[in-house]
Amino acid sequence: MSDTAIDPRYAAKPPKRPLRLSWSDERFRGIVWQVLVLAVVATIFWWLWSNTVHNLEVRRIASGWGFLSREAGLPIAESLIPYDPTNTYLRALAVGLTNTLKVAIIGIILATLLGTLLGVLRLSPNWLVSKLVGGYVEVVRDLPLLLQLLFWYAMLQGLPGPRQAINPATGVFLSNRGLKLPWFEWLPAHSWALLVCVIGIVATLIWRRAALARQMADGQPRKVWPVALLLCVGAPLVVWATQGAPFTPDIPFLRGFNFQGGLTVSPEFFALLTGLTLYTAGFICEIVRAGIQAVHQGQWEAAGALGLPRGQVMRLVVLPQALRVIIPPMTSQFLNLTKNSSLAVAIGYQDIVSIANTTLNQTGQAIEGIAAIMVVYLSISLSISLFMNWYNARIALVER
Amino acid sequence: MNTMSSSGKRGFSVRRLVLGAMGAGLLALTAPAARAQAPAAAPAPAPAPAAGGGSNMIETIRNRGTLICGVSTGLAGFSAPDSQGRWSGFDVDYCRAVAIAIFGTDQNRVRFVATTPQARFTALQSGELDMLARNTTWTLSRDTSLGLDFPATSFYDGQGFMVKRSLGVTSARQLDGATICVQPGTTTEQNLSDWARSNRVTIRPVVIERQEDNVAAYIAGRCDAYTTDASGLAGVRSTQQNPNDHIILPEIISKEPLGPLVRHGDQRFADLVRWVHFGLLAAEEFGITAANVEQAATADQRPEVGRMLGRGGDLGQMLGVDNRWLVNVVKILGNYGEVFSRNLTPLGLQRGPNALWTTPGGLQYAPPFR
Ligand SMILES: N[C@@H](CCC(=O)N[C@@H](CS)C(=O)NCC(=O)O)C(=O)O
């Protein structure tokens, strides 16, 4: 402690003193304290655990994970993976997980796009635009999210019934049963084409990097869009065509109580997505605004002096610098959106919390149910954090 | 910062999560029943037979001064608060009856806790509630692996469907392809999928947690039909602006024996709840009403009536309460028939299987008071 650190090579390896088993040795004291704290924490956990096990036994409450393989018997309205009530609780929980992921991922993308746009508009020199956005942010942030969700859900329920559905184009129906869209029968050929498309996007990104690097070397700008078109659209089309170009349209039609066929966007999902997106976009707008304002005015002036138009100044000079301020608070907005999606059950969207709660109710296994919810949210949150930290580190490198 | 403000506003969902988490937490924190009982057993005045290692609930409730009873968040006829927050209904009367049996003449020594179908069992398991009286169906798994006990069936019911009259549907068999609103955490949702499977109809469920949002979705037309216990349908229908716009379809697709329930482990308390129900039945059987119970307690010459009302013997003490417990209960609430007609007849519900066994088709039967 007294030595002033000079060379990190020496600082890294302090001279080893033998540990004295005496209270006057600082290291010994440190170790004793740590062991004590650890013991206390471990005892508390052990006590909680044994108490729980004991109480479960006395009250004859079932425990363990055996219920996961039992038949769930619960009806689920929408699912990305095949499900019917004869499937197991495990599968039902998986449906809940995919439903949560679906609304969270789409919500995060939409909220980011909308929030960024609003953040830029908020700084618009146009007084009216800027004030309108400001008003929006205030309203959206100040009203409880649950209220907003119920509001959107009620709005959607106010739509006409299926027989009087709004029919703006063939096969498109908007009613209180949701939005019905024409779709087609999904076959393996389509899955392959989709896969190739994803690979195409990745390849385009790599190509773009290389192109930029070469532009740095020779100053020659290269067009990205023809390559993008070829890789992301052309290649998938070829793959689809070689598989016989199957295409069976699936147009919704009214039969009996409801529409049959087609693609359905349920009012529950739509209300939840709308509510989450608009709410989170309000917060993101403010983050983006603050981020842009954190970039020194001189950057604008310098870029302007180079003759760049305002849009390019924003895109090429200001936003990249603002990102460094924006990313950390953005991460917590993404986490918030994900966690807020648990309000879903209020408007009948069956997310992981909804299904875990029902499972917990039917099996009586509160501890396991809550543990399942915790594991899911922890994993999603950690993944988002890790990804954002990685991204943050990546853009931070740009700093000179 | 905004995490805090947003979580403050999320009272509802957070409460749901918290209820579950709290249930889990309470199970971890509450002193293990058997260990806690050891010191308490010594000074206990009555030589209470230690029941299944459980604690003495009746004593706990008496010391606390109130019975904590879980009810629904609002279902007309069964448990619903009025504008002053005063609860009434068939299930509410069962809570009050148990409280009167324990505390004597005061029917207000009950704290009512509103529970959703999803949260009700966790609340009871974790010890937040003493008992639950909220149109809950007795099933094998609830009785066993949930660690609960159903002392009695207070109302024999079955699940039905309600549709708007304008839909033109007259039978549940016509519901193929229909969208149906149902509350999660109920036998209702499980029966619905069983029924759809065995009748080879496809239904689209809409599963909304809170009863009022669920009914609102049905009213708004999000669903073609609403399904729950037939008694619940009658309750929901009665609170609509125009009850006649809705019809309850004739099919009953399940058995729903509804009744009060308690935690497993204290048989003495379960016995009390069970005999409160039988007491209400027996009072009806012997023609004892709120109006004549005082007089019967002193003058009725039938031996069983004498024992029931605490004149001869000490049946009350065997239950761990005052010998005049049933006099107090019936004087304030009336007998089973009176409780039924005060709360359920206005909804248009018939006695049906809930008639006394002395009526053809009646299932309500009390064992002898001796
Ligand atoms: N008897 C069924 C259904 C009971 C139930 O919860 N029914 C709903 C629909 S009538 C209800 O009471 N809701 C009132 C509430 O949510 O507070 C069960 O025990 O699962």
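In which helix of chain B is the place of B:Thr298? Select helix 12 of chain B, where B:Thr298 sits. Keep in mind throughout that this is a predicted model.

**Stop 1: helix 12 of chain B**

Helix 12 of chain B covers residues 293-299, and B:Ala299 belongs to it. B:Ala296 is in helix 12 of chain B too. Colour these residues by accessibility. B:Thr298 has a relative accessibility of 59% and therefore counts as exposed, the cut-off being over 50%. B:Ala299, at 37%, counts as partly exposed. B:Ala296 counts as buried because its relative accessibility is 9%, and the limit for buried is under 20%.

Now draw some C-alpha distances from this helix. From B:Thr298 to B:Gly310, 12 residues along the chain, the separation is 9.5 Å. From B:Ala299 to B:Arg311, also 12 residues apart in sequence, the distance is 9.7 Å.

**Stop 2: a helix crossing in chain B**

Select helix 11 (residues 267-285) and helix 15 (residues 325-333) of chain B. Two packed helices are described by the angle between their axes and the distance between the axes. Here the axes come within 10 Å and cross at roughly 65°. Helix 11 and helix 15 of chain B are therefore roughly perpendicular to each other, the range for that term being 65 to 115 degrees. The crossing of helix 11 and helix 15 of chain B is right-handed.

**Stop 3: a loop in chain B**

Go to B:Asn135, in the loop between strand 5 (131-132) and helix 7 (140-143) of chain B. Phi of B:Asn135 is near 30°, a positive value in a residue other than glycine. Is B:Asn135 buried or exposed? With a relative accessible area of 15%, B:Asn135 is buried.

**Stop 4: helix 2 of chain A**

Switch to chain A and select residues 26-58, which form helix 2. The 33 residues of this helix should span 48 Å at 1.5 Å a residue, and the end C-alpha atoms are 48 Å apart, so the two values agree. At the start of the helix, show the side chain of A:Asp25: one of its oxygens reaches to within 2.7 Å of the backbone nitrogen of A:Arg27. Further along helix 2 of chain A, buried residues include A:Ser50, A:Asn51, A:Thr52, A:His54, A:Asn55 and A:Leu56. Just after helix 2 of chain A comes A:Arg60, with a positive phi of about 55°.

**Stop 5: the domains of chain A**

Colour chain A by domain. Domain 1 is made of 89-155 + 266-395, and domain 2 of 190-241. How many Å apart are the C-alpha centres of domain 1 and domain 2 of chain A? They lie 28 Å apart.

**Stop 6**

Select strand 2 (residues 172-175) of chain A and pick out A:Phe173. A:Phe173 counts as buried because its relative accessibility is 15%.

Then select A:Ala245, found in the loop between helix 7 (225-242) and strand 5 (249-250) of chain A. A:Ala245 has a phi near 45°, a positive value in a residue other than glycine. With a relative accessibility of 34%, A:Ala245 counts as partly exposed.

**Stop 7: helix 11 of chain A**

Finish at helix 11 of chain A, residues 352-363. This helix has 12 residues and reaches 16 Å from its first C-alpha to its last, close to the 16 Å expected. How many residues of helix 11 of chain A are buried? The count is 12 of its 12 residues, and the helix is mostly covered. Among the buried residues are A:Ile352, A:Ile355, A:Asn357, A:Leu360 and A:Gln362. A:Gly364 follows helix 11 of chain A, and its phi is positive, near 75°.

Methods: Residues are numbered from 1 along each chain as its sequence is written. Chains are lettered from A and ligands numbered from 1 in the order in which they are written. This is a predicted model: local features need pLDDT of at least 70, side-chain atom pairs count only at pLDDT 80 or more; totals for chains, interfaces and linings use all residues. Side-chain values use heavy atoms; hydrogens and water are left out. Helices (H or I, at least four residues) and strands (E, at least two) are DSSP runs, numbered from the N terminus. The expected span of a helix is 1.5 Å times one less than its number of residues. Buried means under 20% relative accessible area, exposed over 50%, partly exposed in between (1.4 Å probe, protein chains only). A polar contact is a pair of N or O atoms within 3.5 Å; within protein, one must be able to donate a hydrogen and the other to accept it, and residues adjacent in sequence count only if both atoms are side-chain atoms. Domain bounds come from an automatic or database domain assignment. Axes are lines fitted to C-alpha atoms, for helices over the stretch in contact, and angles run from 0 to 180 degrees between N-to-C directions. Angles under 35 degrees count as roughly parallel, over 145 as roughly antiparallel, 65 to 115 as roughly perpendicular and the rest as oblique. A crossing is left-handed if the near helix is turned anticlockwise from the far one by less than a right angle, and right-handed if clockwise.
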